[in-house]
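Thanks for making the time this morning.

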Amino acid sequence: MNQFQGSHILSVNQLDLDSIQTIFNVAQKMTPYALREKRTRVLDGAILGNLFFEPSTRTRVSFSCAFDLLGGRVAETVGMANSSLSKGESLYDTARVLSSYSDVIAMRHPQSFSVKEFAEGSRVPVINGGDGANEHPTQALLDLFTIKKELNSNGMTIDGMHIAMVGDLKYGRTVHSLSRLLCMYKNITFTLISPKELAMPDYVIDDIENAGHRVTITDQLEGNLHQADILYLTRIQEERFPSQEEADKYRGKFRLNSAIYTKNCKSNTVIMHPLPRDSRSQANELDNDLNNNPSLAIFRQADNGLLIRMALFALTLGVADQLEQYECPVNWYSRKADR
Ligand code: NCD
């Protein structure tokens with residue numbers, strides 16, 4: 001039995017280098033299914049409860065498509081207003097009930113630690129799709145998977161790399177989870193670039209420093225990117241600010257476009273962003289003029305999300321070694337396979 005079978009995935013703190021490698025190995029095996037070169041019906045009959053109580057496009061749809069691609073079915077609840085949580089039902093009660101309707105649950109919720117609280121009432125594995133400003137473990141895994149692949153193709157490894165994280169590092173849960181995963185590697189240099197008010201929380205910086213990595217904290221983008229192997233941009237998390245006016249103060253403070261990239265970065269610095277990028281003119285943290293730059297990894301990053309989420313379902317439901325057994329042909333014309 002694999003270590004993930006029947007387990008919740010709530011925080012990156014549950015993981016170590018071996019368990020991460022297990023997830024990455026299974027994710028890699030998912031590639032032909034994600035590309036529609038082959039199909040597998042290994043989860044035929046299984047149901048995913050996909051509960052999204054906060055806006056989401058990529059995470060919600062990729063959880064759902066990941067499950068579909070393994071042959072399962074998805075029951076989705078979207079938005080607090082459409083659920084009984086708006087009638088005062090507790091997370092525990094919701095979990096007790098929905099977990100007898102489904103085999104695994106993916107959940108996003110605006111409050112920190114809410115997914116953990118929910119998991120306490122669930123009889124099936126719960127996967128955290130983002131709990132407030134706290135954590136986003138599946139995003140961190142897909143980010144790490146992407147960093148590893150992109151650096152490998154540049155002849156580098158995660159050990160010894162330099163990452164610059166830019167933007168809203170206070171409320172951005174993706175950088176909180178990713179930083180903790182990176183702590184498990186060796187000799188990393190972190191450059192944390194944010195407005196002072198939106199700095200990385202001290203508890204994350206303490207984790208990075210206690211793991212022996214170097215940290216530079218600054219509120220200036222230009223002049224601080226020359227050594228970066230990975231440039232990880234984030235959006236101002238406007239939904240976590242007390243008011244829109246407060247969020248407006250920080251929008252557009254750090255922008256990356258082709259001219260700034262060429263002037264400040266190495267020619268192969270990998271550009272990442274968890275998406276959505278805020279493309280409104282007052283923000284535009286990552287300009288469209290970089291769309292054809294080969295170092296722009298944002299869409300590869302999103303594609304990797306499907307592989308990671310397929311792997312997590314296969315592992316938590318204990319079918320990762322049965323994929324081939326349930327294979328069947330792809331009957332329709334598919335462009336994905338010849339991308
Ligand atoms: C991120 C999130 O929800 O934390 N999006 C995502 O899941 N890819 C980042 C964001 O919303 O800015």
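This is a predicted model: local features need pLDDT of at least 70, side-chain atom pairs count only at pLDDT 80 or more; totals for chains, interfaces and linings use all residues.

A polar side-chain atom of R235 sits 2.8 Å from an oxygen atom of the ligand, a polar contact being a pair of N or O atoms within 3.5 Å. Taken alone, the ligand exposes 320 Å², of which the protein buries 94%, with areas from the Shrake-Rupley method and a 1.4 Å probe. Residues are numbered from 1 along each chain as its sequence is written, and side-chain values use heavy atoms, with hydrogens and water left out.

An oxygen atom of the ligand also lies 2.8 Å from an N or O atom in the T59 side chain, and for R108 the corresponding distance from a polar side-chain atom to a ligand oxygen is 3.0 Å.

Turning to the strands (DSSP runs of E, at least two residues; helices are H or I, at least four), β2, residues 47-52, has five of its six residues buried, meaning under 20% relative accessible area. Six bridges join β2 in parallel to β3, residues 73-78, where strands pair if DSSP finds at least two bridges between them.

Finally, Q301 belongs to helix α11, residues 298-316, and is buried, with a relative accessible area of 1%.

Notes:
Buried means under 20% relative accessible area, exposed over 50%, partly exposed in between (1.4 Å probe, protein chains only). A polar contact is a pair of N or O atoms within 3.5 Å; within protein, one must be able to donate a hydrogen and the other to accept it, and residues adjacent in sequence count only if both atoms are side-chain atoms.
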